[in-house]
Amino acid sequence: MPVRPLPALLTSVLALGLTALPPAGTASARPASSWSSCSAQAIEAAPKDGPDVKALCAALAGLPDKDATAALIRVGGKGSWHGAAGVRDMRTGAPALEGARFRAGSSTKIVTAAIVLQLAAEGRISLDGTVQQYLPGLLTKEFAPVTVRHLLNFTSGLQPGASLGEDVDDGYEHRFETLTPEEVVAASVAKGPDPDHAPGEHQRYGNIHYTVLGMLIEKVTGDSYAHQAAVRIFRPLGMRHTSFPAGPDPRVHGAHNRGYDWIDGRLVDVTEWNMSDRFAAGDMISTTADLERLLFALFRGQVVPEPQLKEMFTVPDVEGATMAAALERYELNGKVIWGKTGARPGYHTVVAATRDLSRTVVYSVNSTDAKGDGLAIAQRFAFPAFNR
């Protein structure tokens, strides 16, 4: 990775960015949210047991900066708050859109897990059924039985599949190329099973587990993964602005804030990018309001029925494991939080909540290093939601 400049002022960011972006004015750091979201009156009036509005507003202050060009945050539960700041487009300086669509990255896995668990509730699959049973011929004979549950909780032992670049710098020149799920999985299978751990013995987070789950959904339903997500999740929940790109379409359709990343020392627009290789592991486009709808409905048992829902809150009894089915368990300020991050070039997403929904947070941050240190982004934009 190149050494990235650390400009002290937004003007320095723009000066660097103009080598990669056509000049069209100077960006303004004005907030995109209504004036009241972070006004002195709003901060003063915030209930003591509600969101820490002061800390949330501090996270948004100064955008765009070297780390992010825009941020959209929604906090719910006991008390609610939402705000946005930054710019929609670094060339024009137009303020960020609070209802913007964005690449949701690996938060897609929440939808994939929910569909699989619905199919289990319907008796169409068993969580103890195997890949060898449902997708015969996909794995070679050297693979031990890999169950659906192993895929859901990232203990399948499958090795990473093919990719078009290990990071944004490598992938940028391939951003309009297509890599099919079948090609991704074939590359994983060619590596053979994990040489050190049998299925169920070790948790290793990765897209490969959910790529296979997407293929399983299509095989069992005889339908496309994207259509199953629409009819089972998006439409019933009123997620009107959530969808998947049509095949290799690299665009984000509808109103959106543009994404940027530092590449070779330049701030580059990375909004247009063919993400079809991410498939059921990370190809979803959504909004913060839609993901908040999903979060509340899911945790309330309105998407996946019990007892299948417990799979999303049950971490396998494996040393070092933190992930259940799609969701990861965190502890912060004495609270147990379940959530999922997502990262695609130019876009970083968090969906998280306490199990009782007393506090929730969904954000989309147009991070200039979205595939880098996600913890630093979450610490700035998500952690304040759980201060109290």
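1. The scale here runs from buried (under 20% relative accessible area) through partly exposed (in between) to exposed (over 50%), using a 1.4 Å probe and protein chains only. Before going on, please note that this is a predicted model, in which local features need pLDDT of at least 70 and side-chain atom pairs count only at pLDDT 80 or more, while totals for chains, interfaces and linings use all residues. Residues are numbered from 1 along each chain as its sequence is written, and side-chain values use heavy atoms, with hydrogens and water left out.

2. Which residue does Asp 49 meet in a salt bridge? The partner is Lys 78, at 3.4 Å from N to O. Asp 49 sits in the loop between α2 (40–45) and α3 (53–60), and Lys 78 in the loop between β1 (68–77) and β2 (81–86), so this pair ties together parts that are 29 residues apart in sequence. A salt bridge means a side-chain nitrogen of Lys or Arg within 4 Å of a carboxyl oxygen of Asp or Glu. Helices (H or I, at least four residues) and strands (E, at least two) are DSSP runs, numbered from the N terminus.

3. The structure holds 14 salt bridges. One of them joins Arg 149 and Asp 128, whose closest N and O atoms are 2.5 Å apart. This pair links distant parts of the chain, with Arg 149 in helix α6 (residues 148–152) and Asp 128 in the loop between α4 (108–121) and α5 (131–134), 21 residues apart. Arg 149 is partly exposed at 26%, whereas Asp 128 is exposed at 53%.

4. Have a look at Asp 89 and Arg 91 too: their salt bridge brings the closest N and O atoms to 2.9 Å. Asp 89 is buried, with a relative accessible area of 10%, while Arg 91 is partly exposed at 26%. Arg 91 belongs to the loop between β2 and β3. Salt bridges also link Glu 122, Arg 124 and Arg 232 in a network.

5. Where do negative charges gather on the surface? The patch is formed by Glu 166, Asp 170, Glu 173 and Glu 177. Residues in such patches have over 30% relative accessible area and no salt bridge, with like charges joined within 9 Å. Glu 177 lies in the loop between α7 (168–171) and α8 (181–191), and its 36% relative accessibility makes it partly exposed.

6. Is Ser 107 buried or exposed? At 1% relative accessibility, Ser 107 is buried. You will find Ser 107 in the loop between β3 (102–103) and α4. Apart from neighbours within four places in sequence, its contacts (heavy atoms within 4.5 Å) include Met 284, Leu 291 and Lys 340.

7. Two peptide bonds deserve a look. Leu 63 and Pro 64 are joined by a cis peptide bond with omega about 0°, and Pro 64 is in the loop between α3 and β1. The bond from Glu 306 to Pro 307 is cis as well, with omega near 5°; Pro 307 is in the loop between α12 (288–299) and β7 (328–332).

8. Finally, check two backbone angles. Asp 264, in the loop between β4 (260–263) and β5 (266–269), has a positive phi near 50° without being a glycine, and is exposed at 58%. Ala 326, in the loop between α12 and β7, has a positive phi of about 75° and is buried at 0%.

Definitions and conventions. Patch = residues over 30% accessible without salt bridge, like charges linked within 9 Å, V, L, I, M, F, W, Y side chains within 5 Å. Areas by Shrake-Rupley, 256 points an atom, 1.4 Å probe, with all protein chains shown as cover. Lys, Arg positive; Asp, Glu negative; His and termini not counted. Charge placed at Lys NZ, Arg CZ, Asp CG, Glu CD.
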